[in-house]
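Hi everyone, thanks for making time for this. I'd like to walk you through one model, so please have a look at it on the screen.

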Amino acid sequence: MNGQSSTAVIQIGDPVIDQQHRQIFAWFHRIELAHSRGEGHELIRTTLINLQKYVNEHFAVEERLMKRLGCANYLEHCQQHRELSAELLQLVNDYESGQPVLSIELVHLLRNWLIEHINRMDASIQAYLVPSQFETSGR
């Protein structure tokens, strides 16, 4: 599954969160393309760094929304965010230090973890959403 075909899996009903999910998968897709084309270390490094930063920004937005909505699984959800964030940071650090850690399998593993997280954890946010809340979810 590439970044484009992941779209159907990642809709939770909040336009800001849904757009951020699409962007995260687009970053994963860029890494996969760069890797498969044998593109340079610097391009992959920059893309990994951008992915890691964007994921952290997204997690902050999503956690603010969940807190505001009073989502019951807030703490567990945040813990999963911390785990993925740490994995991405480790991947960036390893890649920058020259360790041959980036493999397409690793990218697939992280992307699939994210799909599972969105389908299981983020989907639970839907029960708390009402249309009037959409306008403030990006704050």
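A quick word on the ground rules. This is a predicted model, where local features need pLDDT of at least 70 and side-chain atom pairs count only at pLDDT 80 or more, while totals for chains, interfaces and linings use all residues. Residues are numbered from 1 along each chain as its sequence is written, and side-chain values use heavy atoms, with hydrogens and water left out.

Let's take the overall layout. The protein chain has 4 helices and 0 strands; helices here are DSSP runs of H or I with at least four residues, strands are runs of E with at least two, and both are numbered from the N terminus. Along the sequence, that reads as α-α-α-α. Of the 139 residues in the protein chain, 43% count as buried. By buried I mean under 20% relative accessible area, with exposed being over 50% and partly exposed in between, using a 1.4 Å probe and protein chains only.

Now, how do the helices pack? In general, two packed helices are described by the angle between their axes and the distance between the axes. For us, axes are lines fitted to C-alpha atoms, for helices over the stretch in contact, and angles run from 0 to 180 degrees between N-to-C directions.

First pair: helix α1, residues 15–36, packs with α2 at an angle of about 165°, and their axes are 10 Å apart. α1 and α2 are therefore roughly antiparallel. On that scale, under 35 degrees counts as roughly parallel, over 145 as roughly antiparallel, 65 to 115 as roughly perpendicular, and the rest as oblique. The crossing of α1 past α2 is left-handed, a label used if the near helix is turned anticlockwise from the far one by less than a right angle, with clockwise giving right-handed.

Ala-34 is found in α1 and is buried, at 3% relative accessibility. From Ala-34 to Ile-44 it is 10 residues in sequence and 6.4 Å in space, C-alpha to C-alpha. On the other helix, Thr-47 is part of α2 and is buried too, with a relative accessible area of 7%.

Asn-56 sits in α2 and is partly exposed, at 28% relative accessible area. Asn-56 and Leu-84 are 28 residues apart in sequence, and 9.4 Å apart in space, C-alpha to C-alpha.

What about helix lengths? The expected span is 1.5 Å times one less than the number of residues. The 29 residues of α2 should span 42 Å, and the end C-alpha atoms are 42 Å apart, which agrees. Helix α3, residues 74–96, has 23 residues and reaches 33 Å from first C-alpha to last, close to the 33 Å expected. Just after α2, Gly-70 takes a positive phi of about 75°, and just after α3, Gly-98 takes a positive phi of about 90°.

Staying with α3, the buried residues include His-77, His-81, Leu-84, Leu-88 and Tyr-95.

Further on, Leu-129 lies in the segment after α4, which covers 104–120. Leu-129 is buried, at 14%, and is 115 residues from Asp-14 in sequence but 7.5 Å from Asp-14 in space, C-alpha to C-alpha.

Last topic: how many disulfides does the structure hold? The count is 0, where a disulfide is a pair of cysteine sulfur atoms within 2.5 Å. Cys-71 is in no disulfide, and the nearest cysteine sulfur, that of Cys-78, is 9.6 Å away. Cys-71 is buried at 6% relative accessible area, and Cys-78 counts as buried at 10%.
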